[in-house]
Amino acid sequence: MGNGPAGEAKTTYREALREALREALDADERVFLMGEDVGRYGGCFGVSLGLLEEFGPKRIRDTPLSESAFVGAGIGAAMAGLRPIVEIMTVNFSLLALDQILNNAATVLHMSGGQFPVPLVIRMTTGAGRQLAAQHSHSLEGWYAHIPGIRVLAPATIEDARHMLAPALADPDPVLIFEHGTLYSASGDLDPAAGPVDLDTASVRRPGTDISLITYGGCLPKAMAAADTLAADGISAEVVDLRTLRPLDDATITGSVARTHRAVVVDEAWRSGSLAAEVSSRITEQVFYELDAPVERVCSAEVPIPYARQLEEAALPQAVDIVKAAHRAVD
Amino acid sequence: MTAARTPKPAANPVRTARTANPARTAKAPRRTRPDTAGADTSHDRDLLRAMLLIRRFEERCVELYSAAKIRGFVHLYIGEEAVAVGVSEALTPDDAVVSTYREHGHALARGIPAEAVMAEMYGKATGCSHGRGGSMHLFDAGHRFYGGNAIVGGGLPLAAGLALADRMRGEPRVTCCFFGDGALAEGEFHETANLAALWGLPLLLACENNLYAMGTALPREHAQTDLAMRAASYGMAAWAVDGMDVHAVERAARQAVEGIRAGSGPHFLELRTYRFRAHSMYDPDRYRDKAEIEQWKERDPIATLTERMRARSEWDDKALATIERLVAEEIDQAVEASEKAPTEPAEDLLRFVTSRSAEVN
Ligand SMILES: Cc1ncc(C[n+]2csc(CCOP(=O)(O)OP(=O)(O)O)c2C)c(N)n1
Ligand SMILES: [Mg+2]
């Protein structure tokens with residue numbers, strides 16, 4: 001999970017994202033970053049801090065509070081041959097640009113009969129856990145994963161934070177990258193051997209034999225912690241990090257379940273109509289006869305995320321919930 | 001400077017005919033207190049106390065945030081108190097207020113008890129949003145306070161809807177919507193301004209121009225920085241006001257509210273102010289000059305008012321000390337009550353998700 005030994009932390013998830021931006025800006029002069037407060041302020045979560053000084057205001061562009069306009073401008077610039085990286089502060093605010101993302105970015109290539117690809121990267125924060133209440137905490141990446149024409153990524157490790165951007169920029173179509181707000185300060189050693197991520201594959205973060213914990217993004221650390229607890233209970237859990245939410249890597253998911261015969265899908269979004277539902281459905285469609293127990297799901301309670309700490313904690317999937325679900329499947 | 005920068009548009013006969021609503025004049029508008037802005041000691045004392053309550057309340061919030069009693073995003077209003085207090089003076093309890101995430105001042109000036117606001121920041125059951133909202137989402141139906149909205153511009157269409165309902169029912173009420181200079185860049189502002197002007201809605205658009213949208217200075221956010229002029233282009237009365245002078249704000253707000261009640265449609269006030277503190281508790285404030293902040297502090301709305309009162313001589317340090325003491329007591333009580341208040345039990349997590357689940361308990 002990129003959490004190196006205490007006291008030896010070499011880099012943070014935030015710094016890894018920044019390094020990836022720096023590399024992309026260095027590598028290709030068509031690349032530029034734009035969004036609210038990405039420049040002078042340094043990014044609302046500090047990701048782009050220092051890049052304005054390094055690359056100048058033409059390539060690190062502060063925008064007005066106009067999500068629809070600057071996302072739409074990113075689409076146009078991408079169609080014109082540039083490689084914009086657009087930052088939206090949080091997924092909740094991306095709803096003001098949803099029209100541009102869904103009705104333009106995802107459709108133009110198709111509507112134009114293949115004439116106009118949109119090589120755009122959009123980054124945004126997602127998720128809860130910081131007591132920011134119901135307009136700053138939701139996990140709507142599953143909605144975006146519903147849309148054909150775009151690719152949806154959720155880096156959960158420092159390596160993926162560092163190495164997903166380059167292949168995302170190389171993708172000729174729109175790519176949405178969801179950064180979970182609780183991960184920015186996660187620190188650890190960046191594996192020097194890590195290179196560009198294959199955006200078509202999920203990753204097995206921990207091998208196991210008794211049950212598959214299938215998750216992504218901010219829930220990965222919780223699933224890893226649950227796997228530790230389960231190991232102490234004598235249950236060997238495999239942890240699968242989806243990391244690409246669209247298109248889903250069916251082979252890795254079903255391969256894992258075919259080995260372990262049990263699955264818990266963990267997703268911080270609400271259960272109804274969720275990505276967890278999609279994953280669960282694919283498992284039953286493709287490896288139903290491998291299953292020794294019904295697929296379990298651990299999702300957020302069906303409530304707008306509340307402010308008060310104990311309520312927020314109760315609303316979100318926690319490691320203990322994952323452990324309980326695993327026991328239900330195994331016992 | 002309350003000088004009308006943009007004169008009220010001449011009555012448009014077409015629009016008047018289209019929106020004429022006899023029911024609107026059926027009820028006499030309820031009166032606010034008489035306009036005594038800048039002339040009356042007891043009124044000034046009220047204004048001062050209201051501004052001091054906001055200032056000291058938020059200073060306490062900073063301490064409580066450091067002590068981890070309050071969490072989440074907290075946006076301070078310190079420096080902008082004259083705006084909330086001056087505008088609220090022009091509103092009656094029947095009017096409605098729609099606010100932003102920077103809304104402690106609006107809520108307190110509206111009369112929501114400090115205790116209910118503080119308890120909400122604590123995430124307690126006695127909070128004005130039952131611990132669900134926190135600092136950015138204060139709500140109070142009793143005070144017709146329709147919430148802190150944390151989507152920039154998000155409150156504007158909603159406010160237009162409240163005003164529309166009053167318009168359709170012939171209620172002589174005004175809806176006041178607060179928002180920042182940054183919100184003028186959002187499409188929702190422009191859509192709402194057009195709609196409200198087109199339909200002649202009883203809407204007060206109170207734009208708090210504090211010169212920054214987070215770390216982005218006004219001229220880096222807007223091609224045309226004359227915000228009142230832009231609002232006027234939608235065909236509504238709009239002018240700029242010195243938002244550091246509570247008397248100027250009150251006078252302008254009364255004039256605007258009167259115009260709205262008289263049926264001349266939405267009014268826009270550009271209230272020129274400044275936030276003395278960072279955007280939020282997370283903001284290291286790297287994007288502006290310390291000297292600029294100090295300069296604006298010389299125009300501190302609270303000091304400006306006390307000096308004006310002192311000059312009228314019916315005012316001294318003792319009187320100020322009395323108000324400070326009363327305010328401190330009110331805040332102490334709010335903190336004490338919030339400390340003692342029960343938390344919402346986690347079993348009630350799903351309460352308020354639907355109206356039916358709100359009834360449970
Ligand atoms: C739609 C949307 N985009 C971005 C944000 C993040 N954000 C919160 S406050 C803020 C600045 C708003 O500035 P302004 O409207 O001037 O109000 P102020 O904070 O100065 O009172 C930003 C960018 C948000 N909350 N909502
Ligand atoms: Mg502002």
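The score called pLDDT is the predictor's confidence in each residue, on a scale from 0 to 100. In chain A, pLDDT stays under 50 over residues 1-8, a stretch for which the model has 17 contacts beyond four places in sequence. Where pLDDT is low, the predicted coordinates should not be read in detail. Please treat those contacts with that caution in mind. Taken as a whole, chain A averages a pLDDT of 96, and 97% of its residues score at least 70.

Chain B averages a pLDDT of 90, with 88% of the residues scoring at least 70. Here too there is a stretch to set aside: over residues 1-31 of chain B the pLDDT is below 50, although the model gives this stretch 54 contacts beyond near neighbours in sequence. For the complex, the predictor reports an ipTM of 0.85 and a pTM of 0.88.

With that in hand, let's turn to the place where the two chains meet. How many residues of chain A are in contact with chain B? The model has 34 residues of chain A touching 41 residues of chain B. The area buried between chain A and chain B is about 3,000 Å², and carbon and sulfur atoms give 62% of it. On the side of chain A, the residues that lose the most area to chain B are A:Tyr41, A:Leu65 and A:Tyr307, which together account for 25% of what that side buries.

Polar features join in as well. Across the interface of chain A and chain B there are 13 residue pairs in polar contact, both residues being at pLDDT 80 or more. One salt bridge is found across the interface of the two chains. The side chains of B:Arg220 and A:Asp62 meet in a salt bridge, at 2.5 Å from N to O.

Now look within chain B for the metal. Which residues coordinate the magnesium ion (ligand 2)? B:Asp181 (OD), B:Asn210 (OD1) and B:Tyr212 (O) do so, at 2.1 Å. Along the chain, the donors follow the spacing D-x28-N-x1-Y. The site links distant parts of the chain: B:Asp181 is in the loop between β3 (175-180) and α7 (187-199) of chain B, while B:Tyr212 is in strand β5 (residues 212-213), 31 residues apart.

Over all chains, the structure holds 39 salt bridges. One of them to look up in chain A is between A:Glu238 and A:Arg259, whose closest N and O atoms are 2.6 Å apart. This pair also links distant parts of its chain, with A:Glu238 in strand β11 (residues 237-241) and A:Arg259 in helix α11 (residues 250-260), 21 residues apart.

Finally, two backbone details in chain A deserve a look. Most residues other than glycine have a negative phi, and most peptide bonds are trans. The peptide bond from A:Arg246 to A:Pro247, however, is cis, with omega near -5 degrees; A:Pro247 sits in the loop between β12 (244-246) and α11 of chain A. A:Gln131 is not a glycine, yet has a positive phi of about 55 degrees, and its place is in the loop between β5 (121-126) and α7 (141-144) of chain A.

Conventions:
Residues are numbered from 1 along each chain as its sequence is written. Chains are lettered from A and ligands numbered from 1 in the order in which they are written. Side-chain values use heavy atoms; hydrogens and water are left out. Contact means heavy atoms within 4.5 Å. Buried area is the accessible area (1.4 Å probe) that two parts lose on being put together, summed over both. A salt bridge is a side-chain nitrogen of Lys or Arg within 4 Å of a carboxyl oxygen of Asp or Glu. A polar contact is a pair of N or O atoms within 3.5 Å; within protein, one must be able to donate a hydrogen and the other to accept it, and residues adjacent in sequence count only if both atoms are side-chain atoms. Donors are N, O and S atoms within 2.8 Å of the metal (3.2 Å for Na, K and Ca); water is not among the atoms, so sites may look incomplete. Helices (H or I, at least four residues) and strands (E, at least two) are DSSP runs, numbered from the N terminus.
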